[in-house]
Amino acid sequence: MSDQSTPLRVLVVGCGNMGSSHAQAYHLLEGFEICGIVSTGKSKEILNEKLGGGFALFSDFEEGLEQTKPDAVCISTYPDTHEAFAVKSFEAGCHVFIEKPVADSVAGAERVVEAAVKAGKKLVVGYILRHHPSWEKFVALSHELGKPLVMRMNLNQQSETSMWTLHRNLMKSLSPIVDCGVHYIDVMCQMTRSKPVQVYAIGARLTDEIPADNYNYGQLQIRFADGSVGWYEAGWGPMISETAFFVKDVFGPKGSVSIVAKEAGGAGKSSSIEAHTKTESIRFHHADLDASERFAKPDEWINLEDEPDHQELCNREQRYFLKTIREDIDLTDHMQDAVNSLRIAFACDESVRTGQVVIL
């Protein structure tokens, strides 16, 4: 953009949990101006009211795009619309912030990236954990543990009411280990800095309320070229157990680092969006033994009291989006990472369906 003082005019598409939070960020932050809000249902009216009213509302994406002629589009709809909306936005000369996953297929994600490159516009994917200081610390500490690494992560959500509605709708196009797993696969790739070479996954369909070919519980295992291994587990629904639903743990030859979410790990928190990014404290365990083979150092507790809430994380994502545009930051690696984590997640889906190990 030539004029740094002119606010970026953003069309907000999708007004659910994430879309609403991103809209709040645009409303709060200097440098942005919402020019329209798009949703198929009543959520746009609710969001309009929440933001003080007076915004242009649209039920049809293309109509909103045509009428508002935005500088940027924020896409937080269900994944089966991501590719079409993103490509049309780039063709209209807009920058795009898109919630993960980039698309509901690897080929689709590659087409979105191609469209961004062709248009010469920015594509920022909503990898929220990359903007969280505690998760950045978690990844940084993992680099002190030696190799190979063992990474153990999960997020099982005992969902009801509106969260179960959201999960059911998501499962029309994606499984939990694809939708959520891309975050944690991305974290594992940052921790190992190594090439993933194979995956194996299992899944179970625990309800007739989702498509016959999908599953609402899944677990993936991933092996890296440097010998590191990791697993990730995700489940959605009213039948999911909350026992040990939150595990974020890595260990290597020199010790272990764990996120310990005492509060977020409490009863009734597994379906809370706020609890998913809350870390609270990191436990750093050293493997060193003394002459009598007792632990030479006590465990370190790194308390993270000054950590951003969900809204502040969305604000940080949007500040980054603005920065990439204003400073013309090269997003080649960012886009490639988003496609690669999706490729790995879909390979896990393939493994669930075939019962086979998938070589990457």
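## A histidine to start from

His132 sits in the loop that runs between β6 (123–125) and α6 (133–142). Helices (H or I, at least four residues) and strands (E, at least two) are DSSP runs, numbered from the N terminus. With a relative accessible area of 0%, His132 is buried. Buried means under 20% relative accessible area, exposed means over 50%, and partly exposed lies in between, using a 1.4 Å probe and protein chains only.

Before going on, a word about the model. It is a predicted one, in which local features need pLDDT of at least 70 and side-chain atom pairs count only at pLDDT 80 or more, while totals for chains, interfaces and linings use all residues. Residues are numbered from 1 along each chain as its sequence is written, and side-chain values use heavy atoms, with hydrogens and water left out.

## Two domains

The protein is divided into domain 1 (8–125) and domain 2 (130–312 + 341–359); such bounds come from an automatic or database domain assignment. Taken over C-alpha atoms, the centres of domain 1 and domain 2 are separated by 28 Å. The contact between them takes 17 residues from domain 1 and 15 residues from domain 2, where contact means heavy atoms within 4.5 Å.

## The nonpolar core

In soluble globular proteins, nonpolar side chains tend to be buried together. A nonpolar core is a set of buried Ala, Val, Leu, Ile, Met, Phe, Trp, Tyr and Cys residues joined through side-chain atoms within 4.5 Å. The largest one here has 107 residues, and those touching the most other members are Tyr26, Leu123, Phe138, Met153, Ile177, Met191 and Tyr232. Helix α12 (residues 332–354) gives this core its largest share, ten residues. Domain 1 (8–125) and domain 2 (130–312 + 341–359) each supply at least three residues to this core.

Which residues does Tyr232 touch, not counting those up to four places away in sequence? The neighbours of Tyr232 are Met153, Asn154, Leu155, Ile177, Cys180, Gly181, Tyr184, Met188, Gly218, Gln219 and Leu220.

## Cysteines and helix α11

How many disulfides does the count come to? A disulfide is a pair of cysteine sulfur atoms within 2.5 Å, and by this rule the count is zero. Take Cys74: the closest cysteine sulfur is in Cys314, and at 9.0 Å this is too far for a bond. Cys314 is likewise in no disulfide, with the sulfur of Cys74 as its nearest cysteine sulfur. Cys74 is buried, with a relative accessible area of 0%, and Cys314 also counts as buried at 0% relative accessibility.

Cys314 is one of the buried residues of α11, along with His310, Leu313, Asn315, Glu317, Gln318, Phe321, Leu322, Thr324, Ile325 and Arg326. Helix α11 (residues 310–326) has 17 residues and should span 24 Å at 1.5 Å a residue, which agrees with the 25 Å between its end C-alpha atoms. The expected span of a helix is 1.5 Å times one less than its number of residues.

## Backbone features in the loops

Just after α11, Asp328 takes a positive phi of about 50 degrees, although Asp328 is not a glycine. Asp328 is placed in the loop between α11 and α12 and counts as exposed at 57% relative accessibility. Arg193 also has a positive phi, near 50 degrees, and is a residue other than glycine. Its place is the loop between α9 (181–192) and β8 (196–204), and Arg193 is exposed, with a relative accessible area of 65%.

One runs from Lys100 to Pro101, with omega near -10 degrees; Pro101 belongs to the loop between β5 (95–98) and α5 (106–119). Another runs from Lys147 to Pro148, with omega near 0 degrees, and Pro148 lies in the loop between α6 and β7 (150–157).

## A leucine in helix α7

Leu166 is found in helix α7 (residues 161–170). Is Leu166 buried or partly exposed? Leu166 is partly exposed, with a relative accessible area of 24%. Leaving aside neighbours within four places in sequence, Leu166 is in contact with Asn17 and Tyr78. The C-alpha atoms of Leu166 and Trp236 are separated by 10.0 Å, and the two residues are 70 residues apart along the chain.
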